[in-house]
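Here is a short briefing on one structure. Keep the sequence and the 3D view at hand as you read.

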Amino acid sequence: MISRSPPTISFSRYLLANRNSKMWIIYILNGLYFAALIFLISLGLNIILGVMGILNLAHGSLYAIGAFMAAWTVIALGKGAPMFLIYPSLLSGVVIAALFGLFMEYLLIRPMYKRALEYQLLITFGALLLLEDVIKMIWGGEAYYASRPCDVLGTCHILGNPYPAYFLLVMIMALIAGLLIWVFMFKTKVGVMLRAISLDREMATALGLNVHKMGTFAFVLGSALAGLAGALVVPTTPALLGFGMEPLILAFIVVVIGGLGSLKGALAGSLIVGQTRSIGIVLFPEIELALLFLIAAVILVAKPQGLFGR
Amino acid sequence: MANKKIGRRQFIKTTGAAGIGAVGIFGSPFKVRRAAAAQKRSIPKDPIKLATVGFLTGAAAAPFGIPGNNAYRMLADRINKEGGISGRKIKLTSYDEAGGVDAQVKLCRKLILGEKVDVILGYISSADCKAVLPLSDELGGLIMAYDCGTHVLMEGDKSPYKVPKYTLGFRTKAHLGIDNIGLAFMIRKYLPDIKAIAGINPDYAWGRDSWLIFETAMKKLMPHVKVVGTWWPPLFTTDFTAHISALMGAKPDIVHSALWGGDSVTFTKQAMGMGFFEKSRMAFSRGEPYPQEVGRDYPEEQLICCAGTHYFLYPPHDKWPLNKWFVEEYHKRYGKYPTYPCYHAYQAMYTYKNAVEKAGTLVGGWPTIEEISKAAVGLSIQTPSGHLMIREDHNGIEDVLLGFSKRVPEFPFPILDPKRMEVFPAHVVNAPVGIRTVDWINSWKV
């Protein structure tokens with residue numbers, strides 16, 4: 001009779017069996033790559049939530065719009081396009097997501113500022129459905145394959161293991177984006193104003209800050225970050241309708257783990273989600289998703305404000 | 001009763017009197033002829049309302065829904081050009097399968113009760129098929145499932161089970177059993193030395209059922225082979241890197257997969273980048289469309305199943321002109337080679353056409369849906385991919401084609417290596433009527 005490994009095996013036994021395996025470096029890199037993408041999405045979600053107090057359920061749709069636009073641009077450039085055009089063309093996803101964010105904030109979110117949370121949830125959920133139809137109208141129902149930016153970079157070798165070089169580029173891009181946002185939030189006047197609004201909206205208004213204008217700016221910035229994540233992921237996977245749901249759910253888990261409105265929390269939460277998923281798939285493949293929800297549940301019970309939340 | 005001999009005179013007298021009487025009662029002989037003609041059923045003048053349902057948006061649209069819909073339109077044009085079905089033209093309307101099971105149940109009710117369609121040809125998702133097919137009998141509408149794969153759709157809870165499960169519900173193709181049993185046969189024949197297998201399948205009924213059949217068949221055919229791991233990524237996963245690394249760490253000789261659509265393409269591309277194919281190979285239960293999607297870089301030596309004998313190069317065009325016509329016409333219209341959902345669309349459309357024509361001949365006019373349903377049983381239809389037979393369990397059975405990917409200069413993507421293509425006959429890969437597939441495999445004496 002065919003022998004079959006049990007679905008879960010002892011962690012120590014597995015580590016012993018694989019202690020000389022060079023694959024562990026790849027498992028960790030996989031976790032970092034996934035964390036990089038989730039970090040960009042959850043960072044945007046966190047900025048919008050922190051500054052405006054809006055839980056944007058349509059954030060995943062902005063990520064999808066970024067992916068579709070970037071894929072469309074790469075395909076439109078054609079196979080013969082030079083390298084110096086391919087990578088900047090991905091930024092089209094950032095621009096379109098920012099523009100959609102601007103219109104969304106102006107038309108839908110602004111009238112909701114003074115309403116209760118449930119109105120905001122309803123309006124952003126409505127926006128999610130609306131944006132799905134907008135994507136369908138603009139790009140149709142077909143899948144968009146734009147793998148050239150990933151193909152061009154090829155494969156590098158890490159401790160003898162082949163690894164797509166593009167994935168390392170994504171990690172570097174996420175790191176740069178995170179550093180820029182940190183510098184912006186902590187070292188510039190506008191950043192300080194945004195943080196002031198997120199700390200005490202009423203006091204910031206009393207001090208004369210234009211809260212609406214800053215809110216619009218924060219929403220556009222958050223949307224652009226979602227668009228950046230979509231643009232960076234699309235060379236590795238086709239853009240499809242419904243593309244934004246999985247990352248949105250994971251970004252919520254990151255926010256729950258890391259804490260609302262915290263930059264450090266977004267980083268820590270993304271790393272925890274990325275590495276748990278990567279190691280979980282290796283060790284406990286039957287419960288890879290359940291593991292993430294379990295961690296979120298434990299954090300909610302033990303520290304409801306999240307690891308770095310206020 | 002005593003046998004009374006009737007004389008010539010007596011016969012003429014009797015029939016003459018009867019004839020005069022008949023004329024008296026019913027009128028002239030011409031009127032009698034008209035009455036007989038009135039009993040023969042008429043063919044309605046209006047077109048056949050034919051609804052097709054498949055994913056026109058979302059992840060399953062590009063690989064399945066849109067190619068299937070393209071084929072339906074192409075075939076409806078062909079049939080209408082040839083005069084329609086029993087003289088009635090087809091009015092084809094396409095509906096989107098997106099929205100989940102509840103949306104499909106509502107749509108099905110609307111189509112049968114509201115639109116009063118003659119037939120629904122549709123459904124790609126196994127979950128949708130399981131929800132919608134029972135409505136055929138409940139609402140009195142003819143439904144022919146054209147692409148969904150789960151083996152449990154027409155099977156009972158235990159063997160032997162009663163057939164058919166639905167009087168007006170059909171599936172005009174074989175279920176996923178043929179793909180996964182075919183893969184096991186191919187592995188035994190071409191890769192007899194393998195020691196370890198693994199699986200990566202989508203985490204829902206389709207993936208779980210595919211692995212169940214494959215594992216059960218492997219258990220029978222190659223009992224020495226060890227399963228080193230199974231992975232269940234959620235549908236529409238965009239990052240498979242962790243799964244690929246885990247697979248590489250488990251070191252299987254071959255990995256079974258029922259991934260489809262964007263998931264299959266994403267997995268293949270990411271696996272290529274991570275050097276997976278230098279260490280292992282895949283056995284894709286529905287891999288036929290994806291070399292065309294990925295292009296020249298698609299790895300060689302991957303074991304690919306065609307969900308039947310549905311392949312643009314098989315049956316060979318010189319031996320089977322219907323496939324030549326189908327491939328050329330589809331390529332001319334849509335700029336791509338037809339993939340297996342296109343062939344499934346042909347099977348559904350022509351099962352309906354042949355059943356209507358057969359029933360129509362028997363009843364002498366346009367048949368009722370019950371008569372069409374009865375006529376469909378036992379049909380053997382010539383299709384571009386060979387023959388399809390509709391059994392008394394209302395399920396289609398067909399041969400299955402498998403092969404290994406190989407790059408050739410004639411095409412911009414790998415094709416199945418012509419030297420290692422295998423066709424397993426329908427009776428070898430389909431369980432007998434009334435016997436569950438798993439029970440049938442377990443009863444094999446190897």
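Predicted model: local features only at pLDDT ≥ 70, side-chain atom pairs only at ≥ 80, totals over all residues.

With 9 C-beta neighbours inside 10 Å, B:K116 counts as exposed. Residues are numbered from 1 along each chain as its sequence is written, while chains are lettered from A and ligands numbered from 1 in the order in which they are written.

**Backbone features**

- B:K116 sits in the loop between α4 (100–114) and β3 (119–122) of chain B. Helices (H or I, at least four residues) and strands (E, at least two) are DSSP runs, numbered from the N terminus.
- Phi of B:K116 is positive, near 50°, and the residue is not a glycine.
- B:F236 also has a positive phi, about 65°, without being a glycine. Its place is the loop between β7 and α8 of chain B.
- B:F236 counts as buried, because it has 20 C-beta neighbours inside 10 Å.
- B:S159 and B:P160 are joined by a cis peptide bond, with omega about -10°.
- A cis bond also runs from B:Y314 to B:P315, with omega near -5°.

**Where the chains meet**

- In chain B, 37 residues are in contact with 39 residues of chain A. Contact means that C-beta atoms, placed from the backbone, lie within 7 Å.
- α8(B) gives the largest share of the side of chain B that touches chain A, seven residues.

**The nonpolar core**

- The largest nonpolar core has 232 residues, and A:L40, A:A67 and A:F68 touch the most other members. Such a core is a set of buried Ala, Val, Leu, Ile, Met, Phe, Trp, Tyr and Cys residues joined through C-beta atoms within 7 Å.
- Helix α2 (residues 23–52) of chain A gives the largest share of this core, 20 residues.
- Beyond its neighbours within four places in sequence, A:L40 is in contact with A:A174, A:A177, A:L225, A:L228 and A:A229.

**A sheet in chain B**

- Three strands form an open sheet in the order β11-β12-β13 (chain B), with antiparallel pairing. Strands pair if DSSP finds at least two bridges between them.
- β11 (380–383) and β13 (396–397) of chain B are the edge strands.
- B:M389 has B:I397 in β13(B) as its bridge partner.

Terms used. Contact = placed C-beta atoms within 7 Å. Buried ≥ 20, exposed ≤ 12 C-beta atoms within 10 Å, placed from the backbone.
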